[in-house]
Amino acid sequence: MKDLRILSCALACAFILSSCEKDTVDETAVEANNEGVVLDADLSLTEDVMTTLKTSNFNTSEVGIIDFHLPDGSIQKRYQLEGDIALSKEQMNQFIELESNNDRNYHTNNLVNPRTLSIIGYTGGNFALSNKERTALQWAVNNYNRLNLGIRFNLTFGTNFQNKDMVVYNNTINNPGVSGGVAGFPSNGNPNKFIQIYGLSSFSTNVNEHVITHEMGHSVGFRHTDWFSRQSCGENINEGAGSIGANPIPGTPAGYDPTSLMLACFSSSVDGEFNSNDVTALNYLY
């Protein structure tokens with residue numbers, strides 16, 4: 001999710017993928033915390049990885065490897081793509097395996113199993129959400145729950161996140177000078193667990209709500225609505241219609257949807273609410 005000061009993070013509810021993502025902002029890898037524990041340190045941008053991402057309709061010009069900081073101080077190496085999508089090594093291996101099996105509809109198998117999901121707003125130390133961000137998280141949860149979907153969210157606040165399905169926390173300390181968020185895609189019927197936001201203190205509560213709702217969308221299986229052009233970011237990038245990973249949802253526009261909450265970039269005027277096409281997409285999937 002990018003800020004174009006400001007275009008920043010936006011999801012894509014008109015197109016789904018079932019696996020993973022990150023919404024951010026800084027094109028450079030974050031320096032590792034010397035006190036953290038680095039996991040999955042052997043990631044590399046192999047030919048298989050790049051081919052899989054390209055045929056899955058990801059913009060491969062922005063692929064990199066980053067340090068993904070968790071609220072307990074540990075660090076995971078993850079693939080970063082399209083600014084606000086972060087994939088673990090396990091998730092990337094799933095992509096490669098599915099592509100090699102030539103399963104054109106694999107993305108529909110990686111949604112979240114219908115149930116009530118526990119989501120926590122982290123309140124500890126350097127990764128604590130501000131009061132504004134806590135309010136925005138509550139509004140984001142309300143955006144989903146008011147639709148009476150097959151998935152619902154039970155929100156709490158605190159530091160005991162280990163047994164929660166999803167964790168939302170502030171990682172501004174490791175993302176200086178940038179604004180947005182980052183998340184992943186679901187796997188094995190579970191949502192992406194960790195959602196970072198950063199650099200949003202100067203924005204309204206509505207903008208904070210927008211970024212969090214967007215990252216939650218990635219975490220339950222949505223692509224950016226404008227994955228085919230990134231028009232919301234002032235770009236014109238189209239990788240072509242690959243065989244997997246971005247199938248349009250019936251009843252939603254095939255072209256650019258300028259008010260979707262799932263656009264790749266956001267502005268400071270967003271209201272944090274789903275548009276009618278986003279709602280159609282959510283009801284179709286859940």
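These are my notebook entries from a look through this predicted model.

**Ground rules**

I number residues from 1 along each chain as its sequence is written, and my side-chain values use heavy atoms, with hydrogens and water left out. Local features need pLDDT of at least 70 and side-chain atom pairs count only at pLDDT 80 or more, while totals for chains, interfaces and linings use all residues.

**Overall count**

I started with the elements and found five helices and 15 strands in the protein. I take helices (H or I, at least four residues) and strands (E, at least two) as DSSP runs, numbered from the N terminus. Next came burial: of the 286 residues, 58% are buried. For me, buried means under 20% relative accessible area, exposed means over 50%, and partly exposed is in between (1.4 Å probe, protein chains only). I also looked up contacts, meaning heavy atoms within 4.5 Å. Among those between residues at least 6 apart in sequence, 80% join residues at least 24 apart.

**The cores**

Which residues have the most contacts inside the largest nonpolar core? I got Ile119, Leu137, Ile151, Phe153, Met216, Phe222 and Tyr286, in a core of 38 residues. The elements giving two or more residues to this core are β8 (116-122), α3 (131-145), β9 (152-158), β10 (166-170), β12 (194-198), α4 (205-219) and α5 (276-285). α3 gives the most, with five residues. A second, separate core has 14 residues, including Ala86, Ile120, Phe127 and Phe161. My rule for a nonpolar core is a set of buried Ala, Val, Leu, Ile, Met, Phe, Trp, Tyr and Cys residues joined through side-chain atoms within 4.5 Å.

**Helix α3 and Leu137**

I gave α3 its own entry. It has 15 residues and reaches 21 Å from its first C-alpha to its last, close to the 21 Å expected at 1.5 Å a residue. The expected span is 1.5 Å times one less than the number of residues in the helix. Its buried residues are Glu133, Ala136, Leu137, Ala140, Val141, Asn143, Tyr144 and Asn145. What covers them includes β8, β9, β10, β12, α4 and α5. I then picked out Leu137: leaving aside neighbours within four places in sequence, Leu137 is in contact with Ile119, Ile120, Gly121, Leu129, Leu155, Phe157, Val168 and Ile212.

**Helix α4**

Why do I call α4 largely enclosed by the rest of the structure? I call it that because 13 of its 15 residues are buried. From first C-alpha to last, α4 reaches 21 Å, close to the 21 Å expected. Just after α4, Gly221 takes a positive phi of about 120°.

Most residues other than glycine have a negative phi. Asn148, not a glycine, has a phi of about 55°, and it is found in the loop between α3 and β9. Arg230, also not a glycine, has a phi of about 50°, and it is found in the loop between β13 (222-223) and β14 (247-248). Asn148 counts as exposed at 63% relative accessibility, whereas Arg230 counts as buried at 2%.

Asn170 has its place in strand β10 and is buried, with a relative accessible area of 10%. Not counting residues up to four places away in sequence, I found Asn170 touching Asn126, Phe127, Ala128, Leu129, Glu133, Ile197 and Tyr198.

Ser232 is found in the loop between β13 and β14 and counts as buried at 7% relative accessibility. Ser232 and Ser267 are 35 residues apart in sequence and 8.9 Å apart in space, C-alpha to C-alpha.

Ile85 is found in strand β7 (residues 84-87) and counts as buried at 0% relative accessibility.

**The largest pocket**

How much space lies in the largest pocket? I noted about 280 Å³. Of the 15 residues that line it, the closest to its centre are Gln91, Ser187, Pro191, Asn192 and Lys193. β6 (75-81) and α2 (89-100) each supply at least two residues of the lining.

My pocket rule uses a 1 Å grid over the protein atoms alone: a pocket is an open set of points where a 1.4 Å probe fits, with protein on both sides within 12 Å along at least five of seven lines, and lining residues have an atom within 4 Å of a point. Grid points are joined across faces, edges and corners, and the volume is the space filled by probe spheres set on the points.
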